[in-house]
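Hello,

Here is the structure I promised to hand over. Please have a look, then read my notes below.

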Number of protein chains: 2
Amino acid sequence: MYKRIPKLSFLQILILLAPIVSQAQPILGFKPEDVPSQLAIEKKFDSHLKAENLRELLKKMSAFPHHVGAAFDRENAEYARDLFKSYGFEARLDTSYVLFPTPKIRVVELIAPAKFKATLTEPPLKEDATSGQTKAQLPAYHAYSADGDVTAELVYVNYGIPEDYEVLKKMGIDVKGKIVLAKYGNSWRGIKPKVAAENGAIGCIIYSDPKEDGFFQGDVYPKGAYKNETGAQRGSVLDMPLYPGDPLTPGYGATKDAPRLSHTEAPTIMKIPVLPISYGDALPLLKALGGEVAPAAWRGALPLTYHIGPGPAKVHLKLEFDWKVEPAYNVIAVLKGSEFPDQWIMRGNHHDAWVYGANDPLSGAVAVLEEARALGELVKTGWKPKRTIVYALWDAEEPGLLGSTEWVEERKEELQKKAVVYLNSDSNGRGFLYAGGSHTLEKFLNQVARDVNDPQRNISVSDRLRAKLLVDGAPKAKQEARTRTDLRIGALGSGSDYTPFIQHAGIASMNIGFGGEDGGGEYHSIYDSYDHYTRFKDTDFTYGVALAQTMGRAVMRMANAEILPFEFQNFTNTVQQYTAEIKQTMDAMRSQTLEHNQLVKENRFLAVADPKKPFVQPSPLPDVPFLNFAPLDNALSMLEKSAATYAEAVAKAGTISADKLNQLNEILYTSERFLTHPDGLPRRPWFKHQIYAPGFYTGYGVKTLPMIREAIEQENWLEAELGIVRVSDTLVRFAAQIEQANALLN
Amino acid sequence: MYKRIPKLSFLQILILLAPIVSQAQPILGFKPEDVPSQLAIEKKFDSHLKAENLRELLKKMSAFPHHVGAAFDRENAEYARDLFKSYGFEARLDTSYVLFPTPKIRVVELIAPAKFKATLTEPPLKEDATSGQTKAQLPAYHAYSADGDVTAELVYVNYGIPEDYEVLKKMGIDVKGKIVLAKYGNSWRGIKPKVAAENGAIGCIIYSDPKEDGFFQGDVYPKGAYKNETGAQRGSVLDMPLYPGDPLTPGYGATKDAPRLSHTEAPTIMKIPVLPISYGDALPLLKALGGEVAPAAWRGALPLTYHIGPGPAKVHLKLEFDWKVEPAYNVIAVLKGSEFPDQWIMRGNHHDAWVYGANDPLSGAVAVLEEARALGELVKTGWKPKRTIVYALWDAEEPGLLGSTEWVEERKEELQKKAVVYLNSDSNGRGFLYAGGSHTLEKFLNQVARDVNDPQRNISVSDRLRAKLLVDGAPKAKQEARTRTDLRIGALGSGSDYTPFIQHAGIASMNIGFGGEDGGGEYHSIYDSYDHYTRFKDTDFTYGVALAQTMGRAVMRMANAEILPFEFQNFTNTVQQYTAEIKQTMDAMRSQTLEHNQLVKENRFLAVADPKKPFVQPSPLPDVPFLNFAPLDNALSMLEKSAATYAEAVAKAGTISADKLNQLNEILYTSERFLTHPDGLPRRPWFKHQIYAPGFYTGYGVKTLPMIREAIEQENWLEAELGIVRVSDTLVRFAAQIEQANALLN
């Protein structure tokens with residue numbers, strides 16, 4: 001017998017369909033009956049956003065160089081402060097005093113086998129209005145390079161990351177006492193001189209290869225958006241994976257009178273001299289290299305045969321810096337909450353640039369200002385945020401997140417009590433939404449993205465991103481985009497001002513922007529200008545508006561949600577993924593080690609080696625043990641249950657007393673603190689978060705479950721076991737918080 | 001209870017070990033008691049081989065250009081014939097008369113937006129002694145290009161293979177009425193103008209991009225071995241996947257008085273003009289292209305942004321040829337068999353070159369001559385081949401396998417009766433053994449390679465190759481190198497003189513050489529010279545000696561084996577692999593089609609498309625059906641049993657009567673004929689073999705089970721079903737032959 005499906009009347013069908021058609025999609029933290037009015041206010045918010053405002057602000061704020069210490073950096077800060085005031089915010093400048101070295105002498109010259117002096121110059125272009133302000137521009141250099149005057153043979157080290165030195169070792173090439181030439185890419189720039197110094201190099205030159213950043217990618221500036229042969233990438237080489245912020249005041253605020261290390265003892269300052277150069281300047285150096293031909297994967301797009309050296313190229317590198325302390329002006333603007341003034345929804349972007357910074361950071365900063373203006377407009381017509389909204393435009397981000405880090409360090413305790421969330425943006429462009437952040441906010445962000453329209457296609461930015469994953473994603477991403485309700489957000493490593501908030505203070509954070517259809521080579525060069533931006537990036541500022549729409553919604557929903565929109569099932573699922581990845585990594589390491597050792601034992605490497613090329617007999621590797629992952633599996637199993645219970649409880653929660661609601665919300669927004677540990681990570685206690693950290697050898701690139709993952713990568717098995725216990729304990733404490741929330745809801 | 005392992009006395013251990021230590025490894029086709037004397041004669045053979053002889057022969061035969069029709073081509077042929085005679089062979093020249101066009105006019109010029117006339121010249125170099133013989137050299141051209149005088153906009157089409165035109169279609173770019181610029185690589189060169197013409201192009205230019213063939217790979221000539229900016233690759237563009245050999249005499253010998261097509265009606269002559277150029281000449285053309293930036297995978301190593309066009313580059317291409325018939329001199333040398341004079345062991349290599357051909361083909365040809373000399377020495381001291389040994393040095397291979405093809409076509413019937421095997425070589429270099437051929441010879445070749453020592457490492461060439469697979473192989477190859485007794489040999493497509501033997505006449509064939517440590521860019525340029533070879537290839541000719549050792553062993557074992565060393569289990573296993581691959585291909589096509597159609601239906605491609613770039617809405621694809629593979633599975637199952645029975649029977653065969661042995665050997669060496677079908681492949685009846693064929697759209701690259709595989713790739717499902725039946729029938733008839741052999745052995 002099969003069960004007969006009863007026929008429905010037309011009316012019954014209408015009734016069944018009705019709720020689907022008419023009811024708006026839910027918004028986490030809002031009662032269904034409150035959703036329409038929230039959507040209405042968001043629509044009103046949108047109506048205030050004007051692309052033309054973004055354009056004007058960007059043009060004005062990128063008119064002159066505005067790095068830390070520049071007069072125009074202060075002018076921009078004061079201008080923004082005054083704008084915030086005019087929008088109805090209480091606004092001020094919070095000033096820190098930070099070490100900011102600038103170059104006095106920069107010399108790179110080839111002295112053998114031929115002579116060549118690097119130009120180290122980005123010339124003015126008639127197509128780029130601001131490029132001629134030569135005197136005011138900071139030249140291309142690496143902030144926090146060591147002073148130095150070294151002469152040595154050159155070695156080409158590819159990207160200059162640890163794997164590259166493994167390859168060199170196999171070829172019997174040592175960089176001790178040499179100057180290394182590395183190309184940009186595959187790691188944060190600061191990793192390259194750090195690893196070079198660890199390997200005994202006495203100097204480091206980093207160039208932009210046209211393969212990654214130049215004509216190989218597209219037509220070069222000013223014909224196209226990409227890096228021309230004179231463009232060079234400025235940037236910080238502060239050892240930020242140890243700690244970011246002012247190198248002289250580790251872990252505490254760089255107030256005027258704070259005790260300071262001397263710059264020679266500050267541990268995050270690079271130990272060897274290092275300088276960025278253009279590919280025009282790199283060409284003669286690479287041409288002068290002899291020795292082995294570089295492996296295929298090391299070769300770039302310059303028209304030559306890439307050799308490794310060492311020598312015969314011999315290079316003289318001389319650098320001297322002015323080690324000044326400069327004021328960093330953080331612009332802080334506050335809209336006080338009507339019900340919960342001590343719960344802060346924070347939203348920020350930096351305002352300082354390496355030169356003009358039209359894209360980095362102003363494209364994001366002007367969206368912040370426009371967001372604030374629109375919120376001000378809403379307030380004028382009666383809308384009130386229940387929680388306090390704090391807007392920030394940070395200074396001194398470029399040299400190493402100095403403005404935001406010092407600001408957080410100075411008021412860490414207060415922030416840990418009051419900050420609900422920190423919402424960051426930085427450069428913004430044309431294309432697809434990208435989002436990284438605390439996974440307790442993944443569902444929240446998905447709902448926001450669902451409600452923002454893509455400026456180019458008549459679908460939501462969420463649907464466009466899902467289409468991208470379905471069409472171009474890796475197999476696993478494709479499959480998830482088909483089957484998983486929420487799109488995954490990335491994990492945060494470092495590279496912008498969310499770092500002190502999430503990594504150090506344990507404040508749930510998000511970083512959001514648009515991009516992918518706006519390639520270019522202007523990054524940290526004088527050509528990151530208004531002219532470049534308006535020709536090649538978000539040319540009509542519609543994605544700037546989309547960013548304001550996205551972040552504005554996030555701010556308003558956070559500010560006015562009845563129950564704060566944190567969610568734990570997506571978080572649990574994410575950590576389960578990380579755990580599975582780590583187990584797979586270990587299994588792969590184990591089988592690769594077994595295979596390697598078998599090949600060594602059988603002498604296969606020698607059998608295969610080309611006698612006309614250098615060969616170093618590989619050694620057997622120590623076996624990869626099995627680790628006890630049971631504590632982690634048990635913690636995750638506990639977390640999974642708590643998260644499911646919470647999801648169910650919150651879904652069916654009726655009216656909750658104000659007192660209970662307060663307790664519940666405090667549990668929710670402080671939950672991220674329970675993912676930190678007071679001791680931080682091994683050998684870098686500043687990094688407190690136990691789920692996300694920038695990699696010690698990747699810089700910006702995130703390492704999830706960092707204590708476990710990095711210990712395994714370094715084959716430090718004891719620390720890995722300790723890491724498993726540490727992370728498991730962390731997750732258990734986190735689950736206990738969720739259980740408290742569950743108790744309140746029952 | 002466990003079974004006690006009895007203790008062995010020391011003497012017992014010695015006895016147990018004795019056979020392992022003292023007994024030589026078996027040789028297929030030889031009784032164990034005959035193995036030592038065979039090994040002894042092989043050792044003696046080796047002692048006659050002298051690297052110095054190879055060097056002298058190579059120097060002499062590469063002293064002047066020796067393409068078909070050149071005086072020195074005939075001189076080399078006569079010289080080789082006389083050498084064979086001096087070694088004790090009966091030797092002669094067998095002459096065919098073949099169409100061989102050479103250029104009268106070659107013009108490539110950019111006429112807009114700038115003017116540039118291609119030099120089309122490889123200049124003399126002081127480091128290369130023969131490079132200055134400018135008058136005698138054939139210039140860079142494509143043999144069997146059409147005459148033509150065309151002017152049109154240029155389009156860059158990457159490798160110019162069908163997939164590339166799919167990409168162009170997605171971008172809305174049509175080559176109809178245009179001249180296409182393709183780069184060498186990823187297909188045989190003749191495919192590029194053929195596919196261009198199919199797509200409506202009116203001319204084709206092929207250049208060598210330095211990414212694949214130039215400075216990206218290594219230092220350029222004369223500093224290093226790689227192609228410099230003037231080097232250009234000559235070559236044939238005859239539509240060989242249709243039929244190779246003289247285009248005017250399809251399927252029959254090009255004797256003096258044979259009936260001939262006119263060159264305008266010959267179907268294998270290219271329909272549009274086509275010319276090869278250097279990357280120096282290509283640079284201004286590529287620079288003049290506008291339009292979309294080429295996809296990342298299309299970009300080469302020239303210092304520019306690769307654009308696709310069409311235009312604004314406009315090109316004038318003018319070609320005119322002298323359509324001459326020239327004599328092709330095949331050198332044939334015979335050592336008559338003492339017992340089975342009508343069973344021929346054939347061994348060949350071509351002698352003609354595009355210019356000097358030190359590497360291609362002389363490095364292989366001189367090994368052939370030295371092999372023959374060493375065999376002559378053995379004969380002088382009493383050794384006799386039981387079967388007839390036929391050495392051949394072919395002419396007119398370069399323009400399209402003309403010498404060997406006409407020779408085979410002229411005497412196909414006799415060959416099908418008498419030829420046991422054809423053993424081919426061509427260019428030879430330094431490094432690892434590579435071998436392709438009939439898989440009935442896989443085990444035989446493995447035993448040969450087991451007994452030849454690598455010149456650089458004190459192990460066999462087989463062990464060195466296995467080490468290479470274990471260290472650098474793909475996962476599956478690694479695993480098989482660990483677990484499978486025999487190393488796999490490749491399947492033969494086309495590209496050298498084995499083609500008429502195996503593809504057309506169904507004669508079991510092998511192609512063997514060494515390489516992988518001898519990269520370079522001299523191929524088909526004037527710089528494939530003695531000077532280049534002795535600096536960068538097999539500089540001390542030890543791998544030339546290793547080739548002679550390998551092929552000499554193969555010839556002697558084939559000539560004197562009691563039971564011919566064909567084997568069917570490896571063959572069966574190989575065809576099972578091909579079948580599994582084809583099924584996987586179909587499954588992948590099916591799921592990709594489903595996915596594509598879903599994305600089309602959901603409008604995801606439009607959602608993802610960048611509005612600033614061209615977009616063509618993709619159409620839904622027809623569903624991929626399920627085919628009936630049961631006949632093939634059944635045939636393979638039958639074959640598997642027959643092959644196993646044969647292996648067992650031959651292993652335990654005692655003394656066999658001479659009559660039965662004769663019958664058995666005839667069954668064995670004619671077995672490959674049963675893998676052919678008189679109708680050949682669809683639309684190309686010259687190709688008779690049903691297991692191996694050059695791909696219709698790859699040229700040299702093999703397609704195994706070609707009727708099935710190509711029908712599936714072309715989505716011709718009916719033909720694929722017919723192909724399954726055809727191949728199944730073929731395998732059943734093949735198995736029946738094995739069963740006849742089994743019957744003789746029982």
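**Where the two chains meet**

E602(A) forms a salt bridge with R482(B), and their closest N and O atoms are 2.6 Å apart. (A salt bridge here is a side-chain nitrogen of Lys or Arg within 4 Å of a carboxyl oxygen of Asp or Glu.) The rule finds six salt bridges across the interface of chain A and chain B.

The elements giving two or more residues to the side of chain A that touches chain B are α13 (461-472), α14 (475-483), α18 (569-601) and α19 (604-608) of chain A. (Helices are DSSP runs of H or I, at least four residues, numbered from the N terminus.) The largest share, eight residues, comes from α13(A).

This is a predicted model: local features need pLDDT of at least 70, side-chain atom pairs count only at pLDDT 80 or more, and totals for chains, interfaces and linings use all residues. Residues are numbered from 1 along each chain as its sequence is written, chains are lettered from A and ligands numbered from 1 in the order in which they are written, and side-chain values use heavy atoms, with hydrogens and water left out.

In contact (heavy atoms within 4.5 Å) are 46 residues of chain A with 46 residues of chain B. In chain A, F216(A), R457(A) and V608(A) lose the most area to chain B, together 16% of what that side buries. 100% of the interface residues of chain A are also interface residues in chain B, so the copies meet through the same surface.

Best wishes

Technical notes:
Buried area is the accessible area (1.4 Å probe) that two parts lose on being put together, summed over both.
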